[in-house]
Amino acid sequence: LLRITPVIDELGARFRAAGEEIALVGGSVRDALLGRLGTDLDFTTSAPPERVERLLAGWADATWDIGRAFGTIGARKGDWSVEITTYRSDVYEPDSRKPEVTYGDSLEGDLARRDFTINALAVRLPDRVFVDPYGGLTDLVAGVIRTPGRPEDSFNDDPLRMLRAARFASKLGFAVAPEVVDAMRRMADRITIVSAERIRDELVKLILGDHPRAGLELLVDTGLADHILPELPKLRLEVDEHHRHKDVYEHTLTVLEQAIALEHRLPGGGPDFITRFAALMHDVGKPKTRRFEPGGKVTFHHHEVVGAKMTAKRMRALRFPTDQIEAVSRLVELHLRFHGYGTGEWTDSAVRRYARDAGPLLDRLHIVTRADCTTRNRRKAAALQRAYDHLEERIERLAAEEELRNIRPDLDGNEIMEILGI
Ligand code: ATP
Ligand code: MG
């Protein structure tokens, strides 16, 4: 099952010769078994970090210190990127934000402290003995996310693992075992002791997964979302008595899926975090701005402006970089402007302003806006689609004209001939 790579055997031989143990481990073994191993290889070893660095010298093209405090050394060999971590047996202070690291003395001990059985797999080198003390292969075949020990103990040691369960559900399309979901529900508020940066990194991976709806629904159903992305569960508005508006939460998850289906239109082809997060946050201003007008009409006055502010605030709390905060909140703010386009009523300068305000985000704005339109009834969705096609064509035509103006010389042909003496 494992792709035969000389890197694995060379490292195995090298560490064996030095009297150290080494094994391919964690996500690398899982992904190899799933047939989706990338170029990242994770290893675990008996050698302390300084020794690992010396053993890699003369073999790797480059090595670097990923976090000596965590016992991890990185290396590159050809196309392969390698991370080697010294055996660990973590001891966590119940209320500390950071796991405290102690080195362990065995592969089995190292596997015991890993988050899920499907990640507690190893291939010992150089003999390639498969090590699976917790039935991880069975869970991998069944598509189940389960903790090696009692989920309560595991989540007590590191509450971030609750979020990681949802992240792997999104990434792999696996089900989370019922006892694990129960523990997540009971212990959801413990996530608050985890640093914003660690939460952000897992949330990004969850959103970039192939099944983000599953991951997000799990966060909302267990109450984890109330602590890390409260805007999302708040979208579950009671539908008003006249059923004039649909559930914004369900709508949002559908828009996210529609946006993902349109990502192939991006220059890079996706997956794209900015697009996905904007789709997820596009309506977060609705609960706050909802008004019941006389006559049963429901309005959400300027919810996109309120939503953009809420989005920026949430992203700041999660320590996102400024450029990403600006990009996502701008998309949220602009996603409704198209609704004033009607059947092509905008002037050329309004069309230009639309493109200019979106700037480098224009491709993403097209996707978020189009995705939002698809959840209307069939006929309305088709009409909006046609209107947006029309707008996009006009943007392109105007841009082409502008480019032509820019390259067309101020001189006419006769003047050029005169200058050149022809
Ligand atoms: P990906 O391919 O998305 O990187 P991964 O499984 O490699 O998936 P990482 O976050 O890179 O995930 O972690 C590498 C391995 O380290 C995991 O497979 C798991 O065995 C272990 N691990 C990582 N974080 C934790 C944690 N918080 N608690 C326990 N084990 C963890
Ligand atoms: Mg990894």
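## A tour from helix α19 inwards

Of the 30 residues of helix α19, 0 are buried, so this helix lies largely in the open. A residue is called buried if 20 or more other C-beta atoms lie within 10 Å of its own, exposed if 12 or fewer do, and partly exposed in between, with C-beta atoms placed from the backbone. Helices are DSSP runs of H or I with at least four residues, strands are runs of E with at least two, and both are numbered from the N terminus.

Residues are numbered from 1 along each chain as its sequence is written, while chains are lettered from A and ligands numbered from 1 in the order in which they are written. The model is predicted: local features need pLDDT of at least 70, side-chain atom pairs count only at pLDDT 80 or more, and totals for chains, interfaces and linings use all residues.

**Stop 1: helix α19.** Select residues 378–407, which make up α19. From the first C-alpha to the last, α19 reaches 44 Å, close to the 44 Å expected at 1.5 Å a residue. The expected span is 1.5 Å times one less than the number of residues in the helix.

**Stop 2: the whole chain.** Zoom out. The C-alpha trace spans about 80 × 80 × 35 Å along its principal axes, and the chain has 20 helices and 11 strands. It has 422 residues, of which 37% count as buried. Two residues are in contact if their C-beta atoms, placed from the backbone, lie within 7 Å. Of the contacts in the chain with a separation of 6 or more, 62% are between residues 24 or more positions apart.

Colour by pLDDT, the predictor's confidence in each residue, from 0 to 100. The mean for the chain is 92, and 94% of its residues reach 70 or more. For the complex, the predictor gives an ipTM of 0.98 and a pTM of 0.91. Where pLDDT is low, the predicted coordinates should not be read in detail.

**Stop 3: the domains.** Colour residues 1–142 as domain 1, 147–229 as domain 2 and 230–407 as domain 3. These bounds come from an automatic or database domain assignment. Taken over C-alpha atoms, the centres of domain 1 and domain 3 are 43 Å apart.

**Stop 4: ligand 1.** Which residues surround ligand 1? Select G26, G27, D42, R114, D115, N119, D158, L160, R161 and K205. A residue is placed in this shell if its C-beta atom, placed from the backbone, lies within 6 Å of the ligand. Domain 1 and domain 2 each supply at least three residues to the shell. By class, the shell has 1 nonpolar, 3 polar and 6 charged residues. Here Ala, Val, Leu, Ile, Met, Phe, Trp, Tyr, Cys and Pro count as nonpolar, Asp, Glu, Lys and Arg as charged, and the others, Gly among them, as polar.

Stop 5: Select S170 in helix α7 (residues 160–172). S170 counts as buried because 24 C-beta neighbours lie inside 10 Å. Leaving out residues up to four places away in sequence, S170 touches L206, G209, H211, P212, A214 and G215. F155 is 15 residues from S170 in sequence, and the two C-alpha atoms are 19 Å apart.

P212 is also one of the contacts of L256, together with R213, R276, A279 and L280, when neighbours within four places in sequence are left aside. L256 sits in helix α12 (residues 248–262) and, with 24 C-beta neighbours inside 10 Å, counts as buried. T275 is 19 residues from L256 along the chain, and their C-alpha atoms are separated by 8.7 Å.

**Stop 6: helix α16.** Select residues 322–334, the 13 residues of α16. The end C-alpha atoms are 18 Å apart, which agrees with the 18 Å that the helix should span at 1.5 Å a residue.

Stop 7: Move to the loop between β6 (122–125) and β7 (129–131), where P126 lies. L125 and P126 are joined by a cis peptide bond with omega about 5 degrees. R128 is in the loop between β6 and β7 as well, and its phi is near 60 degrees, a positive value in a residue other than glycine. R128 counts as partly exposed because it has 14 C-beta neighbours inside 10 Å.

Next, select P271 in the loop between α12 and α13. The peptide bond joining G270 and P271 is cis, with omega about 0 degrees. End at R319, in the loop between α15 and α16. Phi of R319 is near 60 degrees, positive in a residue other than glycine, and with 14 C-beta neighbours inside 10 Å, R319 counts as partly exposed.
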